[in-house]
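Let's take a walk through a protein together, one piece at a time. Have the picture open while you read.

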Amino acid sequence: MNEIIQSLYARKSVRAYTDRPVPAEVKRTVLAAAGQAPTAGGQQLYTILDITDQSLKETLAKTCDNQPFIAKAKMVLIFC
């Protein structure tokens, strides 16, 4: 099987988080990788919001289909 297809089949969504904060270097790496994602015409017309305010995370958890894991996550990124 094609390696890319195999990785798509193997992916999973994890919604169990530890209480450890995300190290700044890991966050920088994730954001740098996101910046490499292709866009139509290479225009990069998106914004990534790094949500750190706990009350905003709680509001997002409610307004995003009642998903409590959002409020518990140490790193919440919104891609617009």
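**A helix in the open**

Start with helix α1, residues 3-10: of its eight residues, the number buried is zero, so this helix lies largely in the open. "Buried" here means under 20% relative accessible area, while exposed means over 50% and partly exposed is in between, using a 1.4 Å probe and protein chains only. Helices are DSSP runs of H or I with at least four residues, strands are runs of E with at least two, and both are numbered from the N terminus.

Before going on, note that this is a predicted model: local features need pLDDT of at least 70, side-chain atom pairs count only at pLDDT 80 or more, and totals for chains, interfaces and linings use all residues. Residues are numbered from 1 along each chain as its sequence is written, and side-chain values use heavy atoms, with hydrogens and water left out.

What caps the N-terminal end of α1? That's Asn2, which has a side-chain oxygen 2.7 Å from the backbone nitrogen of Ile4. While you look at the helix, remember that an α-helix has 3.6 residues a turn, so residues three or four places apart point the same way.

Now zoom out. The protein has four helices and two strands, and along the sequence they run α-α-β-α-α-β. Of its 80 residues, 12% count as buried. The radius of gyration, taken over C-alpha atoms, is 15 Å, whereas a compact globule of 80 residues would have one near 12 Å (that rule is 2.2 Å times the number of residues to the power 0.38). Along the principal axes, the C-alpha atoms fill a box of roughly 40 × 30 × 30 Å.

Finally, visit the loop between α3 (54-63) and α4 (69-72), where you'll find Asp65. Asn66 sits in the loop between α3 and α4 too. Most residues other than glycine have a negative phi. Asp65, however, has a positive phi, near 70°, and Asn66, which is not a glycine either, has a positive one of about 55°. Are these residues buried or exposed? Asp65 counts as exposed because its relative accessibility is 69%, and Asn66 is exposed as well, with a relative accessible area of 59%.

Definitions and conventions: Polar contact = N/O pair within 3.5 Å; in protein donor to acceptor, adjacent residues only side chain to side chain.
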